[in-house]
Amino acid sequence: MLNFFDTQVSRLSLFFQNIAIIAFVILTTSVIYEVIARSVFNKPTIWSLEIVTYMISCVAFFGSAYVLRINKHLEINLLTQLFSNKYRRLMKIFSDTVGLLFCLIVFFYGCKLIELSYILGVVSVSELRIPLWIPQLTIPFGFFALSLEFFLRIVKTIKKIN
Amino acid sequence: MLLFILFISILMVIATGIPVGIGLGVVGFLFYLFFEGSSAFISLPQTIFESNNSFLLTAIPMFILMSEILRKANVTELLFETVTKWVGHLPGGLAVSTVITCAIGASITGSSVANAASMSIVAGPPMINRGYDSKFTYGLIAASGTLGILIPPSIPMLLFASITEVSIGKLFISGLIPGLILVLMLCVYVILKDGFNNKRIKLEKASFQVRYQLTKKALPALCLPIIVVGGIYAGFFTPTEAAGIGVLLAFLLGFFWYRTLKITDILDIFKESLHSTCMILLLIAGSMVLGHAITTMQISDQLVKIISDYDVSQFVFIILIMLLLFILGCILEVVSVIYIVVPILFPVVEALGIEPIWFAIIFIVNMEIALITPPLGMNLYVISGIAKRPIAEIMIGSMPFVLIFLFFLFLLILFPAISTILIS
């Protein structure tokens, strides 16, 4: 059961990571395209700057869950290292639960934010006038995946204790 | 008082071992909830969304990508080899060449951790094979690696500028002279300490022909930072655009000039850069939530009032801040220190009429110390992981350098002109 769930979550995180990589590539190419278009051909684009700022949200939030899975987010384990195995695991369950709750709150109110932006028809203040709920989607998606990863971490630690 | 509670709660939450970005977000959210009530809920995702919605911050993934491409293209090896051919036979030989390569490496990366990591792979084994003890070798690399954030480009400087709206071009350029002085001090130290040690296996003096060949080969890589940083300073590019140009040039160098990159490396380069980027961006997102709460609580205003009430002089204020930063630097890592401290203190700095660029430079130098002071010095951990040496050994090895850095910091405080000479 756990293994099945783990595989599915890992697939999702990996899938999101791939989206983040694509966003990263788009980000890089539009920055380079813009600077060449502006400085060499003297034809600045109107879309580059805006696309770039959306892509960076995409990179940040779609990529985060996988980075959590491979433990590459910065964690400071100085104090917890001093504890015995049992207390360290209890502490880990505690901190992961806090992380899970935080991510769930961001996920839940992220959905509300999108609903609000959608109903109010909020658009970006630039010439593209992109409805803001589209880039804001990165928040609930990203934090949903983060919640799943935190949940898995808790389950795995509990399993180790038993 | 409020400030004290805030600091304590941040430290307590982070000490649980929660990912730091999430931890900072949790503290910020709880404080906001306590002071502003339920409006905290809906403003939470909004703050997080806006946190990364900045064109200046886009420069961060670009700079990370640039240094990752060059690392994959083995440019660090080439630089080390070239520098060694010039200075390797002199007293202090390889140690001096390590310091200088770290300085050059700093100009193609914005991160000290990345700089120290690639240098410990490239310069560590040759130094140890030539009879340097590993304490000295890795302590030296940890310390010289920190030049990464002082010599432009620098990710912490970018963060500082994005919070305070200080000109990033000026800030980058201001790091140059202090960076060079620090390089000089480190070289003098290693020459005095180790230069006349007869136990070292001496390197042969390289012929001019060899030097010329290698320098010619390394030259394009050496020009890259000049184009990137010079372009920002001259106002020709924004930092993000400059970093974009840097990425393009790095790819061109790797594929066509050095031919050390393969097309299959691209995916790995993007993947590795994505992981470092996500780590920093999540930290920024959490820090922004905290910053939002700090602004709402008007902590800075209270602080300004206290300082004007007690008539604290500029000098005393700076010394107190440096002490605070030193302590925070021991237990936290650089990005979080910047995001916790700068929003609170910068208004005070402005109110006291302190030169912001100078403040930024001494702040950054203090953060260099933070990278090599235990218990949490990121450079120590990274090198310990790569070199497979006990962390305590590297800590002891870097201790003399902490003293040098403190002396250097004191110099910068006494003579602000060192930091501001290029911009005035």
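Visitor: Which residues on the other side of helix 16 of chain B are exposed?
Guide: This is a predicted model, in which local features need pLDDT of at least 70 and side-chain atom pairs count only at pLDDT 80 or more, while totals for chains, interfaces and linings use all residues. Residues are numbered from 1 along each chain as its sequence is written, chains are lettered from A and ligands numbered from 1 in the order written, and side-chain values use heavy atoms, without hydrogens or water. With exposed meaning over 50% relative accessible area, buried under 20% and partly exposed in between (1.4 Å probe, protein chains only), the exposed residues on that side are Lys305(B), Ser308(B) and Asp309(B).

Visitor: Which residues of helix 16 of chain B are buried, and within what arc do they fall?
Guide: Helices here are DSSP runs (H or I, at least four residues), numbered from the N terminus. In helix 16, residues 299-309 of chain B, the buried ones are Ile299(B), Ser300(B), Leu303(B) and Ile307(B). They line one face of the helix because, seen down its axis, they fall within an arc (of the directions from the axis to the C-beta atoms) of 95°.

Visitor: Against which helices of chain B do the buried residues of helix 16 pack?
Guide: Contact is taken as heavy atoms within 4.5 Å. By that criterion, the buried residues of helix 16 of chain B pack against helix 1 (2-15), helix 15 (265-297), helix 17 (314-331) and helix 18 (334-351).

Visitor: Which residue with a positive phi follows helix 16 of chain B?
Guide: The backbone after this helix has a residue whose phi is near 55°. That residue is Asp311(B).

Note on methods. Helices (H or I, at least four residues) and strands (E, at least two) are DSSP runs, numbered from the N terminus.
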